[in-house]
Amino acid sequence: MLEVQTYPTVGEAASAMDDRARFLGGGTLIMNRVNYGDRRFTRIVRTTDASLSEIRAQGDRLEVGAGVKMAEILASRDLDFLSPAARAVGGPAIRNMASVGGNLMAPHPYGDLAVALLALDADVRMVSGEEMSLEDFLARRNGVVRSLLVRRPQGDEFRFRKVSRVKPKGISVMSMAAHLTRSAGRLSGVRIAYGAMARTPVRVRAVENALEGVSLDLAGISAALSVATEGLDPPDDPIASGWYRREVAPVHLRRLLLGEDAR
Amino acid sequence: MKSPVTFWLNGSETAVFVDAGANLLDVLRRGCGDLSPKYGCGQGGCGACTVLIDGEPHVSCLVLAETVAGRSVETTGGLSNGPDPHPLQRAFMEGFAAQCGYCTPGMLMAAKALLDRNPSPSRPEVEEAISGNLCRCTGYEPIVDAILEAARQRGAA
Amino acid sequence: MPTEYRKDLFADERSDDFDIVGKPIIRQDILGHVTGRSKFYDDHAFDGLLHMRCVRSAHHHARIRSVDSSAAERQDGVVRVLGGRDVPVNVNTLLSLINFGRDDEPLLAIGKVGYVGQPILAIVATSVRAAQEAVDAVKVEYEELPHVLDVEEALKPEAPIVNEEYPNNTFDYFDTYDHQKLRFGDVETAFSRADHIVEGEYQMSPIEQAPMETCGAIAAPETNDRITVHTSTQALFFSVGVTAKQLDISSARLHFIGGTVGGGFGGKVDSHHEPLAALACLATGKPVKYMWDRAEEMQVGGPRGGERWRIKDGVMRDGRIIARAFTGFFDAGAYTRLSSYAVQKSTGHLPGPYSIPNVASNVYCVFTNRTPSTAMRGFGITAVDFAIERHMDKVARAVGMDPIELRILNAYRDGDMKAHRREAKNCALIESCQAVAQKTGWSLSADAMRASSKVGGGEGALGVIPETVTDDEGRIGERRRSGLAPEPLSGQGTRRLLPEGYSSNNSSAFGNAPQREDMEAEIERLGFKGATVVSSTPQGPADQTASSARPIEPRETAHAVHPAGARGGPSLPAAYTQRPASTINQPIAQPPERAPGTPVVQQPATPPAAAEAENESAATHFQRGVRRPGVSRFISGSRRR
């Protein structure tokens with residue numbers, strides 16, 4: 001049988017965590033598991049700590065509390081660059097509940113916001129104070145996250161695209177994000193991330209490398225398109241087969257990079 | 001272990017004892033006897049259990065019941081004003097916007113949240129507002145039409 | 001002239017206005033829907049409600065070595081653990097209520113499982129969570145068996161036996177064939193004189209109905225030793241019948257309440273929740289709810305069955321299709337449910353709405369280790385329609401013809417003889433094609449625009465049942481014995497010509513005695529519904545020479561038990577089997593009108609005695625429904641139609 005423990009501060013909540021406990025953020029992940037009788041945990045740990053819901057500037061970065069909801073991102077002018085990704089998550093009811101921290105933990109094929117944050121080279125700040133890259137965090141996915149730190153991209157250099165079969169809302173066939181930084185008119189230091197193409201959101205280094213030093217046009221990106229799924233083994237799930245994901249990834253990557261309309 | 005929770009349900013102060021880990025949907029249906037929100041998936045995927053918490057739509061199957069303590073919860077059960085249907089209810093009735101009726105309470109709450117914030121929404125705004133609510137019978141067209149019609153009726157009144 | 005419909009029954013209730021179409025109306029039930037007050041099955045509150053969850057198969061196909069529920073039984077909140085041996089009549093087939101097919105599906109598996117998610121134990125506990133935890137505490141030891149998931153793999157002689165009741169992995173049709181056969185004319189000869197042969201293969205995946213409300217039932221003790229069952233079923237009386245049978249109790253003890261269904265689309269006819277909930281209610285004396293969660297609905301809810309179709313057409317240069325042969329494979333999953341019927345339904349639909357003088361089909365109802373499939377919106381028709389219409393486009397390309405004109409050329413016209421030996425009436429495909437072409441700006445030739453469903457029907461050979469080649473291929477067990485995979489329409493076997501005009505409509509649904517006496521009323525009701533089919537069941541000399549004369553092979557399965565008289569022909573009152581087809585749409589006591597020149601194909605040669613009985617009892621049954629002591633006429637077919 002279950003037990004719910006509520007703590008006034010996130011620090012106390014974090015120290016109450018162990019293998020048999022789950023941290024409840026917005027509820028969209030944990031309550032789903034509770035409803036389906038998941039016996040891997042017997043305790044739900046939560047906090048009423050308001051600091052988790054803050055969005056504030058810190059140096060040249062924005063610090064986004066792990067408890068900030070998708071709807072709050074959409075309402076924040078500072079975070080407007082994340083709105084395409086935040087809007088891609090669920091319908092309005094889910095967006096009122098789903099939190100930034102939860103999105104990092106969401107199982108395949110969920111976690112569209114994390115894809116955007118990964119392409120933006122966000123860092124994760126744990127409750128312990130430890131900081132790490134989001135990429136490192138996604139590789140192990142444990143501990144309680146206090147906040148995300150992300151730099152605002154310049155101009156139109158950030159792109160996000162979610163591919164789903166149902167509009168306007170649908171689960172990801174894949175999601176893609178690109179941070180297209182340039183140097184002397186050529187792409188340089190580009191970051192590309194995919195969602196629903198692996199167990200967690202991933203960076204796609206083959207594509208990043210193939211985009212180094214090229215111009216952002218069809219000829220320039222053709223090499224990148226040909227390695228669109230290199231090193232990836234996309235999973236089969238009820239939304240799409242791995243085969244299908246591999247087949248259509250180059251098309252969507254082209255649309256993402258060139259800013260083409262999907263419809 | 002049960003714990004007491006007090007909140008406002010459709011404007012009335014309500015106190016219930018909830019099991020640890022109970023979701024709001026179960027508590028509304030079993031604890032409070034408000035059967036208007038429906039179970040469809042228990043995963044937040046269908047929207048049949050949509051209720052408004054402090055005016056904002058939530059899927060009640062994924063809300064830990066004790067988190068609504070002190071807050072306001074609105075359901076379709078409290079939508080009509082006495083015997084008079086809410087403009088949304090009237091529009092759904094007249095526009096054939098329900099067939100089996102199982103998604104209807106969730107659709108109505110999602111629509112109410114929209115109209116409360118945006119009294120004259122565009123068609124895409126309506127579609128976005130109900131994008132988390134599945135319907136399997138009628139199709140979405142009459143539902144979207146009914147919501148737009150309700151907005152018109154309200155504007156005219 | 002206004003048509004009068006059933007004025008004998010509903011004189012006060014129906015007007016002949018027919019003015020509803022095109023006008024907005026307010027649904028009767030919509031106030032409940034928009035206020036959230038419509039009572040779905042789960043909207044009934046009970047004190048001390050218990051919850052049921054099932055232990056489910058982890059494998060496609062496995063022998064159950066052992067089931068250990070001792071730890072589960074000791075857990076907090078667990079009230080009762082039920083297994084197959086607790087079910088009085090554990091094995092059932094849905095259509096046993098109309099006496100079609102053999103009982104093949106356990107309510108709770110004993111000894112073996114045939115698909116992932118098949119229920120093995122049902123655990124009743126004081127909360128959903130307690131039931132879930134108890135399910136996890138049950139240890140099931142399996143011995144995995146080879147499984148088969150593809151319909152054609154399942155037909156190979158070496159394929160594992162999915163369902164012991166049907167050891168050939170096919171449903172047995174008419175106790176004779178491993179497939180449903182249709183023969184009309186002579187396709188092989190027609191193929192040999194056709195200008196083009198066009199072949200195609202088409203496939204449709206299983207589709208889950210995914211109703212918003214998941215399937216379920218609540219059974220609660222009532223006074224007078226009855227049980228109240230609130231259920232999501234789409235087939236309330238079906239579920240009553242199944243529950244009475246499986247619990248071996250009188251249906252008078254079952255008070256079923258339903259009808260407010262949160263979407264069904266066919267997926268709520270399987271009648272599994274009601275017997276389990278009622279059984280648990282009997283066992284505990286408490287109200288019990290058995291409700292699927294969404295994951296169960298998707299995994300173990302019977303979907304629309306997958307189908308694979310091969311079509312071979314013989315086409316003349318001018319686009320006339322002179323022969324069409326089908327081979328169909330319908331994926332029943334591990335148990336029959338309604339798939340046997342789906343195959344008959346699809347066969348009755350062939351060759352589509354086109355007048356083709358030579359048609360043959362072999363359609364297999366195949367058992368695989370998939371979730372058993374069931375009804376869904378036009379099941380048995382949708383996939384083959386998809387196949388037929390894709391194939392029409394392919395034929396159009398092959399002969400270089402406009403696809404709509406090809407359809408108009410081949411469309412049924414009033415008076416044409418259909419492959420299942422019914423005259424086409426009220427045809428409208430041509431007019432529909434013309435309307436579609438007009439609305440979409442598709443240009444048609446003057447000839448195609450002039451065509452009419454009312455002109456040219458039944459001309460020449462198209463109006464009569466042709467001389468028909470039959471064969472004996474595909475007898476039950478033949479393939480497995482011979483070690484051969486099916487070669488449908490091979491032209492092998494005994495070829496026999498049926499005379500022109502011979503109608504072989506044969507309905508095993510009504511041909512067997514009921515398994516239980518109290519099911520006779522059910523059959524009668526369905527007999528009414530199926531009157532148009534039943535009426536032409538050959539009773540006379542034609543049947544003697546052709547149909548009954550077929551040697552019937554002894555069944556191989558030891559446990560296939562049929563009650564005496566099972567094969568002795570219909571046990572139904574003459575009124576149901578001998579009534580002319582046209583009665584159903586005609587005012588009583590008027591002789592059916594027949595247009596001059598219409599071939600006489602719908603009426604069997606009726607023995608004089610039966611004909612006399614017909615005059616008397618057809619009319620009285622029609623008006624009064626079932627006249628059996630103790631059977632309410634208010635549940636009769638005539639009332640409920």
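**Briefing: chains A, B and C**

Helix α10 (residues 339-349) of chain C is mostly covered, with 9 of its 11 residues buried. A residue counts as buried if 20 or more other C-beta atoms, placed from the backbone, lie within 10 Å of its own. The model is predicted: local features need pLDDT of at least 70, side-chain atom pairs count only at pLDDT 80 or more, and totals for chains, interfaces and linings use all residues. Residues are numbered from 1 along each chain as its sequence is written, and chains are lettered from A and ligands numbered from 1 in the order in which they are written.

**Helix α10 of chain C**

- The buried residues of α10(C) are C:S339, C:S340, C:Y341, C:A342, C:V343, C:Q344, C:S346, C:T347 and C:H349.
- These buried residues pack against β9 (180-184), β16 (321-333), β17 and α11 (382-399) of chain C.
- Helices (H or I, at least four residues) and strands (E, at least two) are DSSP runs, numbered from the N terminus.

**Residue C:V363**

- Strand β17 (residues 359-367) of chain C holds C:V363.
- C:V363 counts as buried because 27 C-beta neighbours lie inside 10 Å.
- Leaving aside residues up to four places away in sequence, C:V363 touches C:H179, C:Q180, C:F326, C:G328, C:F330, C:V343, C:S346 and C:T347. Contact here requires C-beta atoms, placed from the backbone, to lie within 7 Å.
- C:V363 and C:L182 are 181 residues apart in sequence, while their C-alpha atoms are 8.6 Å apart in space.

**Helices α7 and α8 of chain C**

- The axes of α7 (residues 236-247) and α8 (residues 273-284) of chain C come within 9 Å and cross at roughly 45°.
- That angle makes α7(C) oblique to α8(C); angles under 35 degrees count as roughly parallel, over 145 as roughly antiparallel, 65 to 115 as roughly perpendicular and the rest as oblique.
- The crossing of α7(C) and α8(C) is right-handed, the term used if the near helix is turned clockwise from the far one by less than a right angle.
- From α7(C), the contact uses C:S239, C:V242, C:T243, C:Q246 and C:L247; from α8(C), C:E274, C:P275, C:A278, C:L279 and C:L282.
- The residues of this contact divide into 6 nonpolar, 3 polar and 1 charged. Ala, Val, Leu, Ile, Met, Phe, Trp, Tyr, Cys and Pro count as nonpolar, Asp, Glu, Lys and Arg as charged, and the others, Gly among them, as polar.

**Contacts between chains**

- Chain C gives 25 residues and chain B gives 31 residues to the contact of these two chains.
- Helix α2 (residues 30-35) of chain C supplies the largest share of the side of chain C that touches chain B, 6 residues.
- That side of chain C divides into 11 nonpolar, 7 polar and 7 charged residues.
- The contact of chain B with chain A takes 26 residues from chain B and 21 residues from chain A.
- On the side of chain B that touches chain A, the elements giving two or more residues are β4 (56-59), α3 (104-117) and α4 (123-129) of chain B.
- The largest share of that side, 4 residues, comes from β4(B).

**Chain A overall**

- Chain A has 11 helices and 14 strands.
- Of its 263 residues, 48% count as buried.

Terms used. Buried ≥ 20, exposed ≤ 12 C-beta atoms within 10 Å, placed from the backbone. Axes fitted to C-alpha atoms, helices over the stretch in contact; angles between N-to-C directions.
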